[in-house]
Amino acid sequence: MEGEVSAQRRAGQWKALRSLGFAGLGMALLLVAWWIGGLLVENDPALMAFADFAPEPALARLAEMIASGEAWAMMVPSLGRVMQGLALAVATGVPVGIAIGRLPVMREITNIPFQFLRMISPLSWMPIAVMAFATWDGAIVFLITIAAVWPVLFSTAAGLKRVDPAWFRVARNLGARPWHMLFTIILPAISQDILTGIRLALGVAWIVLVPAEYLGVTSGLGYAINDARDTLEYDRLAATVVIIGVIGFALDFACQQAISRLSWHRDD
């Protein structure tokens, strides 16, 4: 028995090392491609003005930005806007998704309008957002909410549609009230779907954030990209792109871990 447990532990360790090795190889290949691209740009007279996009100047500037606190100063406003927009998207998408998944009539009524609205680019709402909100921050949060609400809503509705109707019949026979059904059947059963929808929504929100911050704000990652472009500081622009990628990856990884740890669906 102990030998079997030890073998399983070694197999798990080997699998983790193998995954880590492949991840390291992938990142190394990405850095090599970046370095080759920077070298080609530097040696092209027509493009040499953009030589600071190369890894060496970009990573050197990134280290300076982290040491000086500039990186943190641009990250905090962007994260705040994304979290506000995501919170509003979840607060809207989960209840509406539950209603659509639970009530066939509502699903039929809302299917075409929601599919139509979902296919409109969130950035198309910029003029309306600017007119509707008194502050630029409010407009940006609105755009992020519009982008993030659909993955949450549709994932929640799809999850509830897959729940066995017999569960609800049994609950009603046992005298369960709607409130009990919500917290003892519906939410536990669709927790996997809600968390997956939030993960997808976070990815969409993070992508929409940068162009949304091209609006009148004077803080955030999108503003930093725009400002670096206007001042021709291409090393700072490339460093900011790296920051955006790292934060986006970290947020997605955190959601992935939350899905695996908090989901009610466990692998035996």
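Predicted model: local features only at pLDDT ≥ 70, side-chain atom pairs only at ≥ 80, totals over all residues.
## Pockets, a helix pair and stacked rings

Helix H7 gives the most to the lining of the second largest pocket, with four residues.

- At least two lining residues come from each of helix H3 (70-102), helix H4 (104-118), helix H6 (136-161) and helix H7 (165-173).
- Sorted by class, the lining of the second largest pocket has five nonpolar residues, one polar residue and five charged residues.

**The largest pocket**

- The volume of the largest pocket is about 270 Å³.
- Around the largest pocket you will find Met27, Leu30, Leu31, Trp34, Leu59, Ala238, Val241, Val242, Gly245 and Val246.
- Helix H10 provides the largest share of the lining of the largest pocket, namely five residues.
- Nine residues of the lining of the largest pocket are nonpolar and one is polar, while no charged residues take part.

**How H6 meets H8**

- Two packed helices are described by the angle between their axes and the distance between the axes.
- For H6 and helix H8 (residues 178-212), the axes come within 7 Å and cross at roughly 155°.
- Because angles over 145 degrees count as roughly antiparallel, H6 is roughly antiparallel to H8.
- The crossing of H6 and H8 is right-handed.
- The contact of H6 with H8 involves 19 nonpolar residues, five polar residues and one charged residue.

**Aromatic rings**

- Five aromatic pairs turn up when the whole structure is searched.
- One of these is phenylalanine 249 with phenylalanine 253: their ring centres are 6.4 Å apart and their planes lie at 15°, so the pair is stacked.
- Both phenylalanine 249 and phenylalanine 253 sit in helix H10, the helix that also gives five residues to the lining of the largest pocket.
- Along H10, phenylalanine 249 and phenylalanine 253 are four residues apart, about one turn of the helix.

Technical notes:
Residues numbered from 1 in each chain as written. Heavy atoms only, no water. 1 Å grid on protein atoms, 1.4 Å probe; cavity = no way out; pocket = protein on both sides within 12 Å on 5 of 7 lines; lining within 4 Å. Points joined across faces, edges and corners; volume = space filled by probe spheres on them. Nonpolar A, V, L, I, M, F, W, Y, C, P; charged D, E, K, R; others polar. Axes fitted to C-alpha atoms, helices over the stretch in contact; angles between N-to-C directions. Parallel < 35°, antiparallel > 145°, perpendicular 65-115°, else oblique. Left-handed = near helix turned anticlockwise from the far one by under 90°. Phe/Tyr/Trp six-rings, centres within 6.5 Å; stacked < 30°, edge-to-face > 60°.
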